[in-house]
Amino acid sequence: MTLLQIQYFRAVARTGNITTAADELYVSRPAISRSMRDLEKEFGIALFRRSNTGLALTEAGCAFYEACNDIQARIDGLETQFAAMKERNRHQAIRLGLTPLTGTAVFPKFYHAFRDTYPGANIVTMEHSHEQARLMLEDGSMDASFTTHTEGLSENVGSMELTQTQLVFCVSAGHPLAGRSCVKISDIQNEPLVYLSEGMQREKSILKRYRQIGSTPNVVLRMGQINALRNVVSEGIAAAIQLQGSIDDGASVVGIPFHPPICFRTSLIWNRGSEARPDVKAMLDFAQKWRTSQ
């Protein structure tokens, strides 16, 4: 197994189509097919179910996909870490991490308010997964990060709850459920859903709700970027379950709360060693005051 095979496998698993994966990676279709066959031969087990409509992951394929995502996350983490180190050598700045969803749902309001108070503040933002953020906060290559996942933080990482939010069922404005004030999981159990390609921590809470009615989410697509996911929803191709305010604008995409609500806390976590820096301390003090106004 090689890193190139992992890259090929993740593309095929995400798209469900060898031709699409080959086009996405700018390689030949035979190269992708041969790589998938070699992987299955190496492991001695089928990773895909093949049909006229495309490829679907087997149980073993799902397990391998999760493992490949973990490997890729660590590689991406190293790349981000080295880029952050390079940036730090160039000039000192507050290195602030964002996930795709906190970057759209929370950060813009916080950033504008902070810059109004501290117009000279120098902030460098980095998009990452929760796992990458923890690694970078631990080793000091990141100062702070927005997150909805604070379980299991080490003593080297501080945490401050900023806002409370909830998951909403996001549909196009023309969807039959768009006018509803709330939905239950039983109302949407057969609705086709689009998820982000990298599994989000909130998926566990969603899955738990589905299992309570003896069902599982009907995930038909996974997208690599939040903007692409928003477009899929606005065009009525599939619905999504996302943090309120992340993709629902009330116009092309409508966000419908769940009953009962699926609530989450958005927090700021930080490397405690960075507290000694005046600029980071100023941001933490500001965050403490800002949270009370939300």
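Is Glu203 buried or exposed? In this predicted model, Glu203 is buried, because its relative accessible area is 18%, below the 20% limit that defines a buried residue. The side chain of Glu203 forms a salt bridge with that of Arg222, with an N to O distance of 3.2 Å. Glu203 belongs to helix α9 (residues 203-212) and Arg222 to strand β8 (residues 218-223), so the pair ties together parts that are 19 residues apart in sequence. Arg222 has a relative accessibility of 25% and therefore counts as partly exposed.

Across the whole structure, a search finds 10 salt bridges. One of them is formed by the side chains of Asp143 and Arg95, at 2.5 Å from N to O. Asp143 is located in the loop between α7 (130-139) and β5, whereas Arg95 is located in strand β3 (residues 94-98); the pair therefore ties together parts that are 48 residues apart in sequence. Both Asp143 and Arg95 are buried. These two residues also belong to a network of salt bridges that links Arg95, Asp143, Arg277 and Asp279. A further salt bridge is found between Arg272 and Glu275, where the closest N and O atoms are 3.6 Å apart. Arg272 is partly exposed, with a relative accessible area of 41%, and Glu275 is likewise partly exposed, with a value of 29%.

Strand β11 (residues 263-271) has seven buried residues out of nine, so the strand is largely enclosed by the rest of the structure. Strand β11 pairs with β5 in the antiparallel sense through four bridges. In this pairing, Thr147 is positioned opposite Ser267 of β11. Strand β11 also runs antiparallel to β6, to which it is joined by nine bridges. Here Gln166 has Cys263 of β11 as its bridge partner.

The loop between β5 (144-147) and β6 (157-172) contains Asn156. Asn156 is partly exposed, its relative accessible area being 39%. When residues up to four places away in sequence are left aside, Asn156 touches Glu138, Trp270, Asn271 and Arg272. With Glu138, the side chain of Asn156 makes a polar contact of 3.4 Å. Arg272, another residue touched by Asn156, is the partner of Glu275 in the salt bridge described above. Between Asn156 and Thr125, which are 31 residues apart along the chain, the C-alpha separation is 21 Å.

Elsewhere in the chain, strands β1 (residues 48-51) and β2 (residues 54-57) run antiparallel and are joined by four bridges. The two strands are connected by a hairpin through two residues. Ser51 is placed opposite Gly54 of β2.

On the surface, Met1, Leu3, Phe43, Ile45 and Ile71 form a nonpolar patch, and together they have about 450 Å² of accessible area. Ile71 is part of helix α4 (residues 59-90). With a relative accessibility of 31%, Ile71 counts as partly exposed; membership of a patch requires over 30%.

Technical notes: Residues are numbered from 1 along each chain as its sequence is written. This is a predicted model: local features need pLDDT of at least 70, side-chain atom pairs count only at pLDDT 80 or more; totals for chains, interfaces and linings use all residues. Side-chain values use heavy atoms; hydrogens and water are left out. Two strands pair if DSSP finds at least two bridges between them. Buried means under 20% relative accessible area, exposed over 50%, partly exposed in between (1.4 Å probe, protein chains only). Contact means heavy atoms within 4.5 Å. A polar contact is a pair of N or O atoms within 3.5 Å; within protein, one must be able to donate a hydrogen and the other to accept it, and residues adjacent in sequence count only if both atoms are side-chain atoms. Patches are made of residues with over 30% relative accessible area and no salt bridge: like charges are joined within 9 Å, nonpolar side chains (Val, Leu, Ile, Met, Phe, Trp, Tyr) within 5 Å. Accessible areas come from the Shrake-Rupley method with a 1.4 Å probe; for residues, only the protein chains shown count as cover. A salt bridge is a side-chain nitrogen of Lys or Arg within 4 Å of a carboxyl oxygen of Asp or Glu.
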